[in-house]
Amino acid sequence: MTEQKIPRKLRKCHNIADLRKLAKKSLPFPIFDHVDGGCDDEVTLSDNTEVFGNYSLIPRYCSGVENVDASTTVLGSKIEWPYFAGPAGGLKYLHRDGEIGVARAAHKSGTAFAMSGWTTTKPEDVVAATHGPRFFQLQPCRSREVMAEMIQLAKDEGFNALIITVDNPIHGNRERDARSGFGVPANFTAKAMLSIICKPRWALSMLPMPGFGLYDKWLTDPDRDMTWLAHQLITNITWEDIAWIRSQWEGPFAVKGLVNVEDAREAVDAGASAVILSNQGARHFDTAPAALEMLPEFVDAIGDRAEVIFDSGIRRGTDILKAMALGATAVTGARLYCYGLAAGGQAGVERALNLLRAEVERDMVFLGARTLAEVTPNSIRKRTMPI
Ligand SMILES: Cc1cc2nc3c(=O)[nH]c(=O)nc-3n(C[C@H](O)[C@H](O)[C@H](O)COP(=O)(O)O)c2cc1C
């Protein structure tokens, strides 16, 4: 999209923080809070972004670098820059463009889209409407039979990689949601209802209400109602289950949501070809370390056996390059594009991803790095200056 064709309100957004402000204006507060918030005191939520300030990138000049190649390979798919759109449930509640809008924007920007198990669009519709790399995020289930059905669906639809998210064995304590009454089913407070009424465009665009694109299939079976689904999806699986899932899926396979280096070793021993170092954006457990704190240990422990994908806290191109300099093989995250989606649908996601990709490519010139292989531990230093 040329600069003139970008809607004016998005053109005025110059970074992810600007898109976040616009998202806040566009959404009723319970929906914005559900995306933006974390659990308990939101300590890890703020640590995830602030931790990047503990590191400096060291520019290099007279390198002759003008054009850069920021491409890499993640989960078996070549991407043009080292970020992919991570799984986020309920995208149609942010904007009717939903999962298809995000996938199309990701593919236009040269990267991959990971579809959440909590998708509000049917997987087959996402596949039919898009043409780039797609990853399938599996929510662990109590029954292997149900997981086998989902894995088969991912195979039938031609998803390129499987991601299993393991870090919400139970729901975290999200107090912003509790205050507004956000949940399944929602039980909105009067203040929350008023904020929905005050956003009539958003409210009308939600009719008819989005369903569960993946789980609706199971809910048509009379023996499988919402109570059954909730019981299936709230479960603490084991490394044996992970090894079993691996045995059902031949392609690239990532375990998402690990911050403990022992878990990273277990995941690779169980057959994971990638580990997604992540605290899920502090949405379920507070006081976990900021993901970046753990990155060097992860790279030391498993970097020679598996991809180390970094997640949680990326808002800037320099954040991406810091993670790459510390040894990540690629990065992901969701809020940064969720803000874009809420701010302007697919065009808003395109704005978010284009801004971020431009930052990465511009900053690589400053680092004198023609390719990501030249973004190394020599490119980064821990700050000694007090912040
Ligand atoms: C609205 C929302 C929904 C999410 N849903 C899922 C999900 O269904 N599955 C999952 O693995 N992660 C989910 N995540 C977590 C993201 O994949 C990612 O780990 C997290 O957003 C990282 O934090 P950041 O976006 O602040 O960088 C969700 C995140 C958000 C913001």
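Helices here are DSSP runs of H or I with at least four residues, numbered from the N terminus. The legends below describe close-up views of a predicted model.

**View 1. Arg 20 in helix α2.** Arg 20 belongs to helix α2, which covers residues 16-26. Arg 20 counts as buried because 22 C-beta neighbours lie inside 10 Å, and the cut-off for a buried residue is 20 or more. Gly 340 is 320 residues away from Arg 20 in sequence, yet the C-alpha atoms of Arg 20 and Gly 340 are 7.3 Å apart in space.

**View 2. The residues around the ligand.** The ligand has 23 residues around it, and those that come nearest are Ser 116, Thr 165, Gly 281, Gly 333 and Arg 335. By residue class, the shell around the ligand holds 12 polar, seven nonpolar and four charged residues.

**View 3. Strand β8 and its pairing with β7.** Strand β8 spans residues 253-258 and is mostly covered, with six of its six residues buried. Strand β7, residues 161-165, runs parallel to β8, and four bridges join the two. Within this pairing, Thr 165 stands opposite Lys 256 of β8. Thr 165 is also one of the residues that come nearest to the ligand.

**View 4. From β8 to β9.** Strand β9, residues 274-277, is joined to β8 by four bridges, and these two strands run parallel. Val 255 has Val 275 in β9 as its bridge partner. Between β8 and β9 the chain passes through helix α14, residues 261-269, in a right-handed β-α-β crossover.

How values were computed:
Residues numbered from 1 in each chain as written. Predicted model: local features only at pLDDT ≥ 70, side-chain atom pairs only at ≥ 80, totals over all residues. Buried ≥ 20, exposed ≤ 12 C-beta atoms within 10 Å, placed from the backbone. Near = placed C-beta within 6 Å. Nonpolar A, V, L, I, M, F, W, Y, C, P; charged D, E, K, R; others polar. Pairing = 2+ DSSP bridges. Right-handed = clockwise from strand over helix to strand, strands pointing away.
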